[in-house]
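This report describes selected features of one protein model. Please view the sequence and the structure together while reading.

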Amino acid sequence: MMSSAPPHDLLRHDEQTTFVVHRGPWTIGLRAGELDDIRHGGLLVLRSIRAVVRDENWRTVPSIVERVHGADLDAGVLVIEARTHDERIRLSWRLEVSFVGDELSIAYRAEAQSDLLRNRLGLIVLHSPELAGTGLEVRHASGGVTSTVFPDEISPHQPAVDVRGLDWVVAADGGSTRCALDFSGDVFEMEDQRNWTDASYKTYSTPLSLPFPVAVRSGEVVEQAVVLRCASRGSVTATHDERNASELVIGDIVREVTVPALTTTASTAASAESDEDRVQATWARILLVELDPSWSGWPAALARAIADAAGRPLDVRLVADSVDEAGPILDALADHPAPEIARIALFNRREHCADPETARSLLTALDERGLDIQVIAGTRAHFTELNRSIDRLDAWRGPLTFSITPFMHDTSGHQLVESIAMQREVADNARRLAGHRPLHIGPITLGARFNAVATTPISVPTGHDLRRGYAAARVPGATDERGGAASLAAWLLASFSALVGPRVLSVSYLEEWGPRSPAHESAIQVLSWLSELEGQPVRSVHAPGLTAFAAGRGGVSSAAVLVGNLSPRSCDFRLPGSAVPIVIGPGEVRRFTGLTGGHGYAAEPG
């Protein structure tokens, strides 16, 4: 059994208490100034309504709630007062929430206390991904109406634009609710946030078709409002938490699915004080390294990656505006007899994509240097970039790649957990787009290792050495303390289980050593267990309320099964054919092998 993590381990950033507000048919969670889990008659109608400030580089500016009053709701009004917590952007904002029967109104008022640049300022509304395929009426400022649906497949572009109102129906066992949502103060539109592994569709203010960033002067006031009206029919059937131990069910081998290789990214950390600090990730068969020839220190980064690889192959990702610019790095690879280069890609700096034309030029440049290396295309950024550029990749028949971070829009613990189901959707959609082409997924990191949507130029590091680190080491938000959490083990298992599928050849997690590596022994142990299964057939496995992954040749008795708990409380389950419950703590992962006759053993961490 692996050491158990405290319940708050992955929820460390959810430090502000959630209050539940009840008023008439409404039930709303209040967390850090956000209205969450908005229910009417017990049925979830909206995931959230939030006030957001995004700076000129789309960074979310944090806010501090200073006052919440009217919490007793005697007058049917709740007021939230907050201010931004940022040295550059000073702004106060206020939400007034009013409850009148079946109507919920949210009025937003913000006043700038400093001059600032913003890409977004105002209200956003999050809709549940469970609405996929549900009919949606979009009311426009012109008075026209467009009939559409909440997208089933992840939409690369806005599914609703020029929004003044939205109408939809939420259905559940025993009842349904008709929802009408009106917006004022700006023009709104919708995007599919599943592109970034957020569990929502988001309706936000200020269309992206308008120029940004926008200058806001000190003293300027922004006012917006949303009004939600609901009409419920029937009564929602309550769900009960039985807390009974569920049985682990191991099924057949999944056709054409084998366990992909695990890889990791070369550390971008500042030079280690000693060789002991540079711990090799023995679970990673290949070491990925990103190099930018515009930085004079790239030779040092390449040399350190080669040393850290210790004979393992490299996956080289180049960031340059042309193959000619990347020529010195290609020359260095040709001049260095080792290590083996498993694959290589060249991504454009501005769009972060590797298109067929660039990939073919890279192949030619490799041939000229006598290098026989597989070239891959796709994007070094989020799945959304692959989703939006897939038509440009039609002529490319080789492997594709994209990256994942769960924290593009939200760094909370619940977002980290909710991203798992969306990772599964992203992987399914990526395979659909790729067709018969294989996928190399990653890097997968907690914080984004670079800002793919920045509007200001990216600064190039100075110097020829690694004393200050490079790339992700110098990006705000790229380092997340939860990389050292014991319960990261359960998240890694859940993520891997979500991403594995046909034609997924490799999955790359975190960095090899340093502050962006999996620092806790529990996380390292899980990655080692998964690495040992590489190439083995994946089996279907079912464990309600838990994460489970099974693989192995032969019958069920020869399969290795990993079970993880990504919830904040202990859970019970039973092995096949056994009546004895097994308790698994929050964030814990356990491995079982030799499951015959309902018996098995749990492998202890190394």
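How many bridges join strand β34 (residues 571-574) to β35? Strand β34 is joined to β35 by 4 bridges, and the two run antiparallel. The model is a predicted one, in which local features need pLDDT of at least 70 and side-chain atom pairs count only at pLDDT 80 or more, whereas totals for chains, interfaces and linings use all residues. Residues are numbered from 1 along each chain as its sequence is written, and side-chain values use heavy atoms, with hydrogens and water left out.

**Sheets**

Helices (H or I, at least four residues) and strands (E, at least two) are DSSP runs, numbered from the N terminus. Two strands pair if DSSP finds at least two bridges between them. Strands of a sheet pair through backbone hydrogen bonds, either parallel or antiparallel.

Strands β34 and β35 belong to an open sheet of 3 strands, with the order β19-β34-β35 and mixed pairing. The edges are held by β19 (246-247) and β35 (581-584), each of which has a single partner strand, so one side of each is left without a neighbour in the sheet. Within this sheet, R574 stands opposite P581 in β35.

Another open sheet has 10 strands in the order β25-β27-β28-β29-β30-β21-β22-β23-β24-β26, again with mixed pairing. Its edge strands are β25 and β26, each pairing on one side only. The pairing of β25 with strand β27 (residues 377-379) is antiparallel and extends over 2 bridges. T379 in β27 is the bridge partner of C353.

**Helix α3**

Helix α3 (residues 356-368) has 13 residues. From its first C-alpha to its last it reaches 18 Å, close to the 18 Å expected at 1.5 Å a residue; the expected span is 1.5 Å times one less than the number of residues. P356, A359, L362, A365 and L366 of α3 are buried, a term that means under 20% relative accessible area, with exposed meaning over 50% and partly exposed in between (1.4 Å probe, protein chains only). An α-helix has 3.6 residues a turn, so residues three or four places apart point the same way. The buried residues of α3 pack against α2 (327-335), β24 (341-347), β25 (353-354) and β26 (374-375), where contact means heavy atoms within 4.5 Å. After α3 comes G370, with a positive phi near 70°.

**Nonpolar cores**

A nonpolar core is a set of buried Ala, Val, Leu, Ile, Met, Phe, Trp, Tyr and Cys residues joined through side-chain atoms within 4.5 Å. The largest such core has 92 residues, of which L314, I344, Y509 and F549 touch the most other members. Helix α6 (residues 488-499) gives the most to this core, with 10 residues. A second, separate core has 51 residues, including L95, L104, I106 and L136.

**Aromatic pairs**

Rings of Phe, Tyr and Trp (its six-membered ring) pair if their centres lie within 6.5 Å; planes under 30 degrees apart count as stacked, over 60 as edge-to-face and the rest as tilted.

| Pair | Geometry | Centre to centre | Angle between planes |
|---|---|---|---|
| F150 and W168 | edge-to-face | 6.3 Å | 85° |
| W295 and Y470 | stacked | 5.1 Å | 20° |

F150 lies in the loop between β11 (145-149) and β12 (160-163) and W168 in strand β13 (residues 165-172), so their pair ties together parts that are 18 residues apart in sequence. F150 is buried at 0% relative accessibility, and W168 is buried at 2%. Ring pairs link F150, W168 and Y201 into a cluster.

The pair of W295 and Y470 links distant parts of the chain, 175 residues apart. W295 sits in the loop between β22 (286-291) and α1 (298-309), and Y470 in the loop between β29 (439-444) and α6. W295 is buried at 4% relative accessibility, and Y470 is buried with a relative accessible area of 5%.

R516 is found in the loop between β30 (504-511) and α7 (521-532) and is buried, with a relative accessible area of 9%. Its side chain makes a polar contact with the side chain of T268 at 3.2 Å. A polar contact is a pair of N or O atoms within 3.5 Å; within protein, one must be able to donate a hydrogen and the other to accept it, and residues adjacent in sequence count only if both atoms are side-chain atoms.
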